[in-house]
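Good morning, everyone. Please bring up the model and keep the sequence beside it while I talk.

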Amino acid sequence: MVIVKAVAVTGGIGAVCGVLLAIAAKLFHIDVDQKIIDVRNALPGANCGACGYAGCDAMAEAIAAGKAPVNGCPVANAQAHEKIAEIMGTTAEEGEKKVAHVLCLGCDSLASKKHEYRGVKDCKAAAAVQGGDKSCDKGCLGYGNCVAVCDFDAIDIVDGIAVIDKEKCTACGKCIEECPKAVIEFVPYKNNVIVGCSNRDFGKAVKDVCKIGCIGCKICEKNCPYDAIHVTNNLAKVDYDKCTHCMICVEKCPTKVIEGDLTIKDQAV
Amino acid sequence: MELVSLFITSFIVNNIIFMQFLGTCPFLGVSKQIDTAAGMGIAVIFVITLASVITYIIHYAILVSLGLEYLQTIVFILIIAALVQFVEMFLKKSAPGLYQALGIFLPLITTNCAVLGVAINNIIYEYTFVESLVYSVGISSGFLLAIVLFAGVRDKVDYADLPESLKGSAISLITAGLMSVAFLGFSGLQL
């Protein structure tokens, strides 16, 4: 008899809970727009927050409500944007793809150090001690805060400076926010010619601290046939819209600070 | 006065995590950031208090009167699981703001041993209804205190220059152990 009572009580409580939950589910039912679910499934789901919303769920809601553009997710590729546009019944206008790039080439063998830093292996902590151990005030410190913050495993520290794999980079911009030295910048994905320096000091001052820094000599500016590179405040900058990848500046640069793949000379544009 | 001392005892002296080692799963899992740790702690306070009230009533109204005290564990689990589900639905509809804050933590608490532990302790210690209410608020506030303190320590440990083999869970467990030893200092407190 005891077992019957036990089964009845447990089963009874279970049944009552079940019925109450079923009633509650009907009572507290909220209509979720199918669009939100579809858009959420099309998003990458990294929850990185690069779109400016709290996560992919919030972004999906905003897209479905028409508050955010269908290609508002900087991480999703063109295909995913198209899919979201299809769900929303519009067309995605594909913006130019950008990637983050470290504007510093001062690896350990080329850039000098002003002191030996033995503290916590953290760029922000290192930067708090006299602006970091690199003599150059605008150099990558190489303690890897950007590596830690990257959700896509796109950054490596190579010989003391951060290098971003542009194939893996999704332009979420987290590293740009994290870097205490602000040496990371967005550049167009298709562009190959980039001045790998952020130092705006005069030529001698740059030369003293780094063998590969831009000294502002203007040789690149004078030699560029397309008016696509300019020196302002002692630092050369490529005009990515005008650059045709002729690689003349890369060849002429006396400190070799202009990055460019010489094998693709004249191929692009 | 007795209620105050019961609260302090359950809050610090018999801290649920550091002294009773209940609820260590969310304690280690959701303590990476202070914000989320606090969210989890508040959700636990909410659920434990509600669950112990309901289980107390069920225990004395149904189980004791039918002489089925030995069904305590399974019935309590059933009730807590259903209760958390219900609370989740209720919050989603009536307090979306609170749901957004607690939402992801609520299902995590469903099968948390801390909730069941408090509900069963209420019966074992033969507390009155008011005492069990104070006890469950005290215990769950102790959980909030422990998880927020631990998240703060972990925040700092993240910046430490650790040997490779100690990174991650290893150092977290060592930290938790040291904090538990520190809380042992309260155990002599007579209230």
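This is a predicted model: local features need pLDDT of at least 70, side-chain atom pairs count only at pLDDT 80 or more; totals for chains, interfaces and linings use all residues.

The expected span of a helix is 1.5 Å times one less than its number of residues, and helices here are DSSP runs of H or I with at least four residues, numbered from the N terminus.

Residues are numbered from 1 along each chain as its sequence is written, chains are lettered from A in the order in which they are written, and side-chain values use heavy atoms, with hydrogens and water left out.

Staying with H1(A), its buried residues include A:Val9, A:Ile13, A:Cys17 and A:Leu21, where buried means under 20% relative accessible area with a 1.4 Å probe, protein chains only. The buried residues of H1(A) pack against helix H3 (34–66) and helix H4 (72–94) of chain B, contact being heavy atoms within 4.5 Å.

Where does B:Ile17 lie in chain B? B:Ile17 lies in the loop between helix H1 (2–13) and helix H2 (24–29) of that chain, and with 2% relative accessibility B:Ile17 counts as buried. Leaving aside residues up to four places away in sequence, B:Ile17 touches B:Leu22, B:Gly23, B:Thr24, B:Phe27, B:Phe143 and B:Ala146. The C-alpha atoms of B:Ile17 and B:Gly142 are separated by 7.9 Å, although these residues are 125 residues apart along the chain.

Terms used
Helices (H or I, at least four residues) and strands (E, at least two) are DSSP runs, numbered from the N terminus. Buried means under 20% relative accessible area, exposed over 50%, partly exposed in between (1.4 Å probe, protein chains only).
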